[in-house]
Structure formats: structure tokens, C-alpha cells
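Me: I would like to learn how to read a model step by step, beginning with the whole chain and ending with single residues. Could we take each feature in turn, with the general idea before the particular case?

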Amino acid sequence: MNDLLRFRVKEDSKVNLDEWDPDDTRPFSDDKEQGRDRLQHLCSLLRDLQEVLYAERKHKVLIVLQGMDTAGKDGVIKSVFKEVNPQGLVIKSFGVPSEEELSRDYLWRIHKNAPEKGKITIFNRSHYEDVLVVRVNGLISHETWKKRYVQIRDFERTLHEEGATILKFFLHIDKKEQKERIQKRLDDPEKNWKFNPGDLKARALWREYMKAYEDAISNTSAPWAPWHIIPANNKWRRDLIVASLIADALDQLNMKYPKLDFDPKGVVID
Ligand code: AMP
Ligand code: MG
């Protein structure tokens, strides 16, 4: 676990993303084959942990995935949770808010999707878009996004005090890696559908996005809802780190199957 703590952002630290290497290979510098085996083992472990989470119905878990386009938010969902019983998982993607959503406060649509007992909810994008894309595109004032950091901290603390375990991941790729991944989407007819011209607009604002991410992560990483900055230029290593961190957090919940109010040995089936 100590090896994994290096990905966690301490409360009140000032994040400079230039100091976080998206190619960092530690602590999993082993070869890809070994990495795959390890990931498979972790996926099975996650399946078992989620099974108890579901049976116990005591804890609730929220995973927040953020990152630039192509950073691997969908990829993490697909590979890290592939063994988990879909009944215990809720995946919620947040896109451009609808008119109904825009006419409420920005946390309205988020809170409605907060995790329930026994479930793991994954946010593919989240309320953080409301201090990222809207800030970078000047859709809200400086005063408004500044205030939101405190609002988000309080909101997440409330969820935590009400029993939620919250883990936030920023999938950190660099601009060069993104170019290659977007190019692949253009070159491969089966990936064409993933290309969105809007991604190029965000790409052109890369520096501004990194600044917005740095501020968001610095201001909202807290013991009750820590941020992790995941080196994500390499996909299997990215998955391995995320899976390890989630498995570790679930393991620490010391979950148990519920106590029975009957003796299974005394049950006779005709
Ligand atoms: P995707 O994740 O590729 O489906 O894209 C979703 C798009 O919705 C991204 O361009 C996000 O920046 C955008 N988006 C998500 N949340 C918000 C928000 N609160 N305000 C504006 N745009 C958003
Ligand atoms: Mg996209």
C-alpha cells in the first residue's frame, strides 16, 4: 500500500502537474505479461469484495474518474470492473447538462446519483466538470468557480459522513499521447465514432485545463475524498494502479457477510 500512497494528493498540497510524470512506471515496472496476471488477480479480488459489499449493504462507494479526452475513463471502467457483478455497479456518465439540469444548481444532478448502500457508483466525469470545462470556457465567473471548491468539499464530506467511501482519480496523460490516441480514433473505422471534434477544442486549451485541474485537485483533495493522480500514458499500468487503490480501500472497510437469523443446517427442503 505504501507504494500506492505516492499517487494520493495530500490535503492542502499545491499540485503542479508538470511534476507528475504520466509515464511513471513505479511501482509496477514488471513486464506486461506479469502486469496482466496481476490485474486479473485484482479484478477477481474486486469481484469478491463487491460481493460482500452488496451482501452487507452497509457501505457505499463512489469512484470519480476525470481526465482529458482519451485519458482512459471508459477504459478503466471496462477493464478494472470487468469481473464485478453488474447488479452491484452503477455507472453514471455526465455530459453537457440538459436544460432541466442547468435550471438547477450544478450539484443537483450529481446528488441524485450519489451511491446507495451495497453499491459501487462510478462517475465518468462528475461535478468537477463544473470547475473545469465551464471555467476554461469562461461560462462562469472567477468568483463562482472559486466558491465551488468549498461547496464541493462540503458536499463530499456530507456524503462521506453519511457512509460513503469516496476515491477520485485523475487519469494523467500528456498532450503527445493524446495526439496519438485521437489519431487512432481517426485511422480506425471502428473507432471513428469515438472522435468528437469538440475534443480538439479542449485540446487547444490544454494548458488552461491543466491549470484548472491543478486548482481543483489542490483545493478538493481531502482525507474523506482523496484525489489520486494516475500516470496514464500506459494503459495496463494505469488499470493496475487504479484497481490496486480501489481494492485496498474496499479491503480497509473490513466488510463481513451479514449475520444470519436462522441456522442453515436446520433448514430442511422437501
Ligand atoms: P464524453 O465524456 O466524451 O461523452 O463528453 C462529455 C462532454 O460533456 C465533455 O466535453 C464534457 O466537457 C462535457 N460536460 C460534462 N459536464 C459538463 C458541464 N457541467 N458543463 C459543460 N460541459 C460538460
Ligand atoms: Mg469524448
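Me: What does the accessible surface of the chain come to, and what percentage of it belongs to carbon and sulfur atoms?

Reply: Please keep in mind that this is a predicted model. The accessible surface comes to about 14500 Å², and carbon and sulfur atoms account for 49% of that area.

Me: How many helices and strands are in the chain, and how compact is it for its length?

Reply: The chain holds 11 helices and 5 strands. Along its principal axes, the C-alpha trace spans about 70 × 45 × 40 Å.

Me: What share of the residues is buried, and what share of the contacts joins residues at least 24 apart?

Reply: A residue counts as buried when its relative accessible area is under 20%, and by that criterion 49% of the 270 residues in the chain are buried. For contacts, one looks at the separation along the sequence: of those between residues at least 6 apart, 82% join residues at least 24 apart.

Me: How many positive and negative side chains are there, and how far apart do the centres of the two sets lie?

Reply: There are 47 positive and 46 negative side chains, and the centres of these two sets lie 2 Å apart.

Me: Where does F170 lie, and which residues does it touch?

Reply: F170 lies in strand 4 and, because its relative accessibility is 1%, counts as buried. Beyond residues up to four places away in sequence, F170 touches L17, Q66, G67, Y213, I217, W227, H228, I229 and I230. With G67 the two scales of distance can be set side by side: F170 and G67 are 103 residues apart in sequence, yet their C-alpha atoms are 5.4 Å apart in space.

Me: Is the charged residue D199 buried or exposed, and with which residues is it in contact?

Reply: D199, which has its place in helix 9 (residues 197-204), counts as buried because its relative accessibility is 7%. Leaving aside neighbours within four places in sequence, D199 is in contact with D69, R185 and K194.

Me: Which backbone angles deserve a separate look, starting with the phi of R57?

Reply: R57 has a positive phi of about 50 degrees although it is not a glycine; it lies in the loop between helix 2 and strand 1 and is partly exposed, at a relative accessible area of 45%. R125, also a residue other than glycine, has a positive phi near 70 degrees. Its loop runs between strand 3 and helix 6, and R125 is partly exposed, with a relative accessible area of 22%. For omega, the peptide bond from R26 to P27 is cis, with a value near 0 degrees, and P27 is found in the loop between helix 1 and helix 2.

Technical notes:
Residues numbered from 1 in each chain as written. Chains lettered and ligands numbered in written order. Predicted model: local features only at pLDDT ≥ 70, side-chain atom pairs only at ≥ 80, totals over all residues. Heavy atoms only, no water. Helix = DSSP H or I, 4+ residues; strand = E, 2+ residues; numbered from the N terminus. Buried < 20%, exposed > 50% of the residue type's maximum accessible area, 1.4 Å probe, protein only. Contact = heavy atoms within 4.5 Å. Areas by Shrake-Rupley, 256 points an atom, 1.4 Å probe, with all protein chains shown as cover. Lys, Arg positive; Asp, Glu negative; His and termini not counted. Charge placed at Lys NZ, Arg CZ, Asp CG, Glu CD.
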